Amino acid sequence: MSVEKTGTGAMSLKILAGSANLSLAENIARNVNVKLVQRVLERFPDGELHIEIQESVRGHDVYLVQPTCPPVDEHLFELLLMADACRRAGTIHLTAVIPYFGYARQDRRAHGREPLSVRLIADLLATSGIQRVVAVDLHSQGVESAFAIPVEHVSAVPTLAEAVRSSVPRNAVIVSPDLGAVKMAERYAKLLDLPVAIIHKTRISGAEVSVQRIMGDVRDKQVLVVDDMISTGGTIEKAIQALLEAGCSPSGIKVSATHALLVGAAAERLGKLPIEKIYVSDSVPMSKQVPIPLQVVSLASLLAETIERLHKNRSIAKLIGPQ
Ligand code: R5P
């Protein structure tokens with residue numbers, strides 16, 4: 001039996017989780033002081049997913065927590081089916097809390113004959129009954145414009161910057177490893193009162209990137225490379241190699257990224273670099289050992305506060321990400 005919380009409206013708040021990151025969902029629920037809604041998620045012998053919500057969600061304000069991390073399609077489809085189950089079970093308002101949003105990098109058609117994946121997923125989420133999305137440090141602001149439903153885009157940067165603060169010296173430089181991460185780097189720089197350097201990167205393939213040039217002074221400086229995500233580790237690898245070639249301090253190199261996908265050989269790749277420490281959030285579960293000191297900061301309190309404020313129709317302006 002779940003504990004219910006009644007906000008300013010008549011609806012009470014319930015939190016339901018998919019299987020993608022149960023421990024984060026449990027921590028969010030603990031922070032909100034509710035129990036996760038009981039549900040069954042199982043596979044039929046033919047591989048089809050079967051979902052059943054085991055308590056009433058009729059008339060409730062439901063928050064469905066599910067990052068669409070690898071295996072992306074499985075987690076996405078699970079989210080869609082859970083949303084449909086909530087809608088058909090009478091949920092009044094349904095918000096998907098998607099701490100890591102898969103497919104966000106496919107927010108435009110770079111070549112002909114490609115799908116506009118983010119747009120299709122936005123439509124599928126709305127069709128499944130989701131009325132609002134909460135996302136954390138989306139790959140780009142453009143992702144939001146694919147949605148007709150509201151997207152509340154909160155940021156892990158203040159939490160990560162706080163974790164990093166005591167270990168970056170006054171002469172450190174925040175490095176954006178590509179043009180897409182500049183806004184995020186500026187946000188770290190503002191919070192930590194440090195300058196920014198920018199790397200001009202070109203992507204050759206899904207796992208390979210090349211660095212064109214570095215804008216900003218990094219010579220003899222300690223660097224903190226910041227990004228929205230580490231996937232194959234290719235971007236971080238090339239960034240650090242370029243920074244070392246440009247004469248940055250080989251000691252004290254740090255990396256901070258919101259989403260630690262660490263797919264394929266990413267952990268081994270990062271392990272070969274002179275990185276002192278990596279800071280990431282728990283938006284996705286940590287599936288691998290990384291041979292470098294790694295600090296995982298939890299998004300539980302940020303997402304719990306977001307949920308409570310949304311439930312009570314209170315402002316979340318202070319939690320919104322870089323615009
Ligand atoms: C790309 O623009 C993103 O911001 C990340 O830099 C990138 O997706 C990281 O992927 P990987 O670790 O595979 O280079």
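A residue counts as buried when its relative accessible area is under 20%, and as exposed when that area is over 50%. Val 32 has 0% relative accessibility and therefore counts as buried. The structure discussed here is a predicted model.

**Domains**

- The domain assignment divides the chain into domain 1, residues 2–154 + 300–319, and domain 2, residues 157–297.
- The centres of domain 1 and domain 2, taken over C-alpha atoms, are separated by 28 Å.
- Between the two domains, 12 residues of domain 1 are in contact with 14 residues of domain 2.

**Helices α2 and α3**

- Two packed helices are described by the angle between their axes and the distance between the axes.
- Helix α2 (residues 72–88) packs against helix α3 (residues 117–127) at an angle of about 25°, and their axes are 9 Å apart.
- Because angles under 35 degrees count as roughly parallel, α2 is roughly parallel to α3.
- On the α2 side, the contact is made by Leu 76, Leu 79, Leu 80 and Arg 87; on the α3 side, it is made by Ile 121, Leu 124, Leu 125 and Thr 127.
- Of the residues in this contact of α2 with α3, 6 are nonpolar, 1 is polar and 1 is charged.

**Helices α4 and α5**

- Helix α4 (residues 157–164) and helix α5 (residues 182–192) pack with their axes 10 Å apart, at an angle of about 50°.
- This angle makes α4 oblique to α5.
- The crossing of α4 and α5 is right-handed.
- In α4, the residues Val 157, Pro 158, Leu 160 and Ala 161 meet Met 184, Arg 187, Tyr 188, Leu 191 and Leu 192 of α5.
- The contact of α4 with α5 comprises 8 nonpolar residues, no polar residues and 1 charged residue.

**Backbone features**

- Most residues other than glycine have a negative phi, and most peptide bonds are trans.
- The peptide bond from Pro 70 to Pro 71 is cis, with omega near -5°.
- Pro 71 belongs to the loop between strand β5 (61–65) and helix α2.
- Asp 193 is a residue other than glycine with a positive phi, near 55°.
- The location of Asp 193 is the loop between α5 and β10 (196–203).
- Asp 193 counts as exposed because its relative accessibility is 58%.
- Leu 262, also a residue other than glycine, has a positive phi near 45°.
- Leu 262 is placed in the loop between β13 (253–260) and α7 (266–271).
- Leu 262 is buried, because its relative accessible area is 4%.

- Val 32, the buried residue of the opening, is part of helix α1 (residues 22–32).
- Although Val 32 and Ile 307 are 275 residues apart along the chain, their C-alpha atoms are separated by 8.1 Å.
- Arg 213 is part of strand β11 (residues 209–215).
- When residues up to four places away in sequence are not counted, Arg 213 touches Ile 198, Ile 199 and His 200.
- From C-alpha to C-alpha, Arg 213 and Ile 320 are 31 Å apart in space, and they are 107 residues apart in sequence.

Key
Residues are numbered from 1 along each chain as its sequence is written. This is a predicted model: local features need pLDDT of at least 70, side-chain atom pairs count only at pLDDT 80 or more; totals for chains, interfaces and linings use all residues. Side-chain values use heavy atoms; hydrogens and water are left out. Helices (H or I, at least four residues) and strands (E, at least two) are DSSP runs, numbered from the N terminus. Buried means under 20% relative accessible area, exposed over 50%, partly exposed in between (1.4 Å probe, protein chains only). Axes are lines fitted to C-alpha atoms, for helices over the stretch in contact, and angles run from 0 to 180 degrees between N-to-C directions. Angles under 35 degrees count as roughly parallel, over 145 as roughly antiparallel, 65 to 115 as roughly perpendicular and the rest as oblique. A crossing is left-handed if the near helix is turned anticlockwise from the far one by less than a right angle, and right-handed if clockwise. Contact means heavy atoms within 4.5 Å. Ala, Val, Leu, Ile, Met, Phe, Trp, Tyr, Cys and Pro count as nonpolar, Asp, Glu, Lys and Arg as charged, and the others, Gly among them, as polar. Domain bounds come from an automatic or database domain assignment.
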